[in-house]
Amino acid sequence: MKEFAENGYEQASTNKIIQNAGIGKGTLFHYFNNKKDLYEYLVDYALNITNTEYLQHIDIDESDFIERLKQIARIKAEFHDNNPDVRNFIGTVVLNDDVTLPDDLETRLSNFQKTGHALLYEKIDKSLFRDDIDVEKAFQIIRWAIEGYQNELLQQFQGEKIAHIDLQPYWDEFYEYLDVLNTTFYKEDQT
């Protein structure tokens, strides 16, 4: 994962992979027919570990929407700290389209992203929002804001080596945006 994350699929070297793993080329190709098979296996692995160590840790019993967003950000940061190669690799998979994945992996990747979005809204206490706010429209505005922020970051990071980006300033900025959303959409006594 580290080699693919740092160099992209095309530039990734199986020679460096076997050297870093301390195995022979024959061993690698005993388990994988080619570099693409290895890459697809790693996408599958990264999706599995991200699901079990990130998505499944989101507490949908936290009914405060802003607090859930903060919780998700904390879980994501912890996951990224504990699994930097997985984070960097899956980030590279999402950011770069130089490899066509099989339909089943494309579907899993898409479903993974949809599940993450769905976990934002399940069991949310809408009474925390100001009475003069249409909560569904507030959700939509917040979703657009988050997607816009993510898209801005994706454009900024396009072509970058994810492994070399310090994400902490972006997490800090994200928390500041959440505080603005709290002030904007919640009743005063909820801040």
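Tyrosine 41 is partly exposed, with a relative accessible area of 44%, where buried denotes under 20% relative accessible area, exposed over 50% and partly exposed the range in between, for a 1.4 Å probe and protein chains only. Its partner in an aromatic pair, phenylalanine 32, is buried at a relative accessible area of 16%. The model is a predicted one, in which local features need pLDDT of at least 70 and side-chain atom pairs count only at pLDDT 80 or more, whereas totals for chains, interfaces and linings use all residues. Residues are numbered from 1 along each chain as its sequence is written, and side-chain values use heavy atoms, with hydrogens and water left out.

The structure holds 14 aromatic pairs, a pair being rings of Phe, Tyr and Trp (its six-membered ring) whose centres lie within 6.5 Å, with planes under 30 degrees apart counted as stacked, over 60 as edge-to-face and the rest as tilted. Tyrosine 9 and tyrosine 39 form an edge-to-face pair, at 5.1 Å centre to centre and 70° between the planes. This pair links distant parts of the chain, since tyrosine 9 lies in helix α1 and tyrosine 39 in helix α4, 30 residues apart; helices here are DSSP runs (H or I, at least four residues), numbered from the N terminus. Tyrosine 9 is buried at 13% relative accessible area, and tyrosine 39 is buried at 4%. The pair of phenylalanine 32 and tyrosine 41, by contrast, is tilted, with 5.3 Å centre to centre and 55° between the planes. Elsewhere, ring pairs link Phe65, Tyr121, Phe129, Phe139 and Tyr186 into a cluster.

Helix α1 (residues 2-11) also contains glutamate 3. The buried residues of α1 are Glu3, Phe4, Ala5, Gly8 and Tyr9, and they pack against α2 (14-21), α4 (35-53) and α6 (84-95). Although glutamate 3 is buried, it has no salt bridge, and the nearest side chain of opposite charge, that of lysine 16, is 4.6 Å away; a salt bridge requires a side-chain nitrogen of Lys or Arg within 4 Å of a carboxyl oxygen of Asp or Glu. The side chain of glutamate 3 does, however, reach the backbone nitrogen of serine 13 at 2.9 Å. Leaving aside neighbours within four places in sequence, glutamate 3 is in contact with Gly8, Gln11, Ala12, Ser13, Lys16 and Ile17, contact meaning heavy atoms within 4.5 Å.

Terms used: Helices (H or I, at least four residues) and strands (E, at least two) are DSSP runs, numbered from the N terminus. Lys and Arg count as positive and Asp and Glu as negative; His and the chain ends are not counted. A polar contact is a pair of N or O atoms within 3.5 Å; within protein, one must be able to donate a hydrogen and the other to accept it, and residues adjacent in sequence count only if both atoms are side-chain atoms.
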